[in-house]
Amino acid sequence: MTGGPGTGKTTIIRQAVGGWHGRAGGFYTEELRDRGQRQGFRLVTLAGQSGVLAHVDIRSPCRVGKYGVDVAALDAIGVASLEEATSRSDLIVIDEIGKMELFSSRFRDAVFAAIDSDKRVLGTVMSAPHPWADKVKTRPEVWLVEVTRANRDRVLSEVIRWLELNATGDQ
């Protein structure tokens with residue numbers, strides 16, 4: 001999935017995976033807010049581990065806008081969850097493939113390992129052009145759908161149907 005901020009991509013992932021009965025692993029991201037203001041982003045694995053991916057208070061050479069990115073946390077939590085999911089789960093969740101995550105070469109390797117595996121991958125990818133993210137978007141095995149506020153309920157239904165087909169072994 002791709003789409004602008006706030007269109008519901010992460011919500012679709014959480015709702016679809018929450019109702020699925022197979023083995024899923026990986027991570028999603030959520031905003032960190034203080035008094036209504038976004039301060040950063042947290043990684044949350046499907047196994048319940050979490051850590052700060054980016055925050056206004058993080059001092060790092062890796063920056064996206066006002067946020068410093070903690071690449072070590074991404075590798076320790078996010079990448080580790082992708083590697084574990086690729087070896088042990090039926091479904092690999094990657095939310096998201098974006099500018100912050102692309103600072104990590106381990107993350108990029110884990111994404112391609114997941115896509116190249118025999119597992120299903122449910123993820124989000126930045127909509128803006130980016131050479132590496134564009135390689136993911138144009139892979140023949142990638143089904144890319146743009147999520148908007150107007151179509152998010154339909155996309156959720158399509159993702160749930162795709163997961164149900166996965167549960168029966170059908171493509």
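At the start of helix H3, a side-chain oxygen of serine 104 comes to within 3.3 Å of the backbone nitrogen of arginine 106; such a polar contact is a pair of N or O atoms within 3.5 Å, where, within protein, one atom must be able to donate a hydrogen and the other to accept it, and where residues adjacent in sequence count only if both atoms are side-chain atoms. Helices (H or I, at least four residues) and strands (E, at least two) are DSSP runs numbered from the N terminus. The model is predicted, and local features need pLDDT of at least 70, side-chain atom pairs count only at pLDDT 80 or more, while totals for chains, interfaces and linings use all residues. Residues are numbered from 1 along each chain as its sequence is written, and side-chain values use heavy atoms, with hydrogens and water left out.

Helix H3 covers residues 105-116, and at 1.5 Å a residue its twelve residues should span 16 Å, which agrees with the 17 Å between its end C-alpha atoms; the expected span is 1.5 Å times one less than the number of residues. Phe107, Ala110, Val111, Ala114 and Ile115 of H3 are buried, where buried means under 20% relative accessible area, exposed over 50%, and partly exposed in between (1.4 Å probe, protein chains only). Seen down the axis of H3, these buried residues fall within an arc of 135°, so they line one face of the helix; the arc is that of the directions from the helix axis to the C-beta atoms. An α-helix has 3.6 residues a turn, so residues three or four places apart point the same way. The exposed residues Asp109 and Asp116 are carried by the face of H3 turned away from its buried side. The buried residues of H3 pack against strand E1 (24-34), helix H2 (71-88), strand E6 (91-97), strand E7 (120-125) and helix H4 (131-137), contact being defined as heavy atoms within 4.5 Å.

**Helix H1 and the segment before it**

In H1, the buried residues are Lys9, Ile12, Ile13, Ala16 and Val17. They cover an arc of only 110° around the axis, which puts them on the same side of H1. Threonine 2 belongs to the segment before helix H1 (9-18), and a polar atom of its side chain lies 3.2 Å from the backbone nitrogen of serine 127. Residues up to four places away in sequence not being counted, threonine 2 touches Lys9, Val125, Met126, Ser127, Leu144, Val145, Glu146 and Val147.

| Residue | Relative accessible area | Class |
|---|---|---|
| Threonine 2 | 8% | buried |
| Cysteine 62 | 17% | buried |
| Glutamate 30 | 24% | partly exposed |
| Arginine 35 | 77% | exposed |

Cysteine 62 sits in the loop between strand E3 (50-55) and strand E4 (63-64). Its C-alpha atom is 7.0 Å from that of phenylalanine 103, although the two residues are 41 residues apart in sequence. Apart from residues up to four places away in sequence, cysteine 62 touches Tyr67, Gly68, Val69, Val71 and Phe103.

Glutamate 30 is part of strand E1, and its C-alpha atom is separated by 9.6 Å from that of threonine 11, which is 19 residues away along the chain. Once neighbours within four places in sequence are set aside, glutamate 30 is in contact with Arg14, Gly40, Phe41, Arg42 and Val44.

**Backbone features**

Most residues other than glycine have a negative phi, and most peptide bonds are trans. A cis peptide bond, with omega about 25°, joins aspartate 95 and glutamate 96, and glutamate 96 lies in strand E6.

**The protein as a whole**

The protein has five helices and seven strands, which follow the pattern α-β-β-β-β-β-α-β-α-β-α-α along the sequence. Its radius of gyration is 15 Å, close to the 16 Å that the globule rule gives for 171 residues, so the protein is as compact as a globular protein of that length; the radius is taken over C-alpha atoms, and the rule is 2.2 Å times the number of residues to the power 0.38. Along its principal axes, the C-alpha trace spans about 45 × 35 × 30 Å. Buried residues make up 46% of the 171 residues, and among contacts between residues at least 6 apart in sequence, 61% join residues at least 24 apart.
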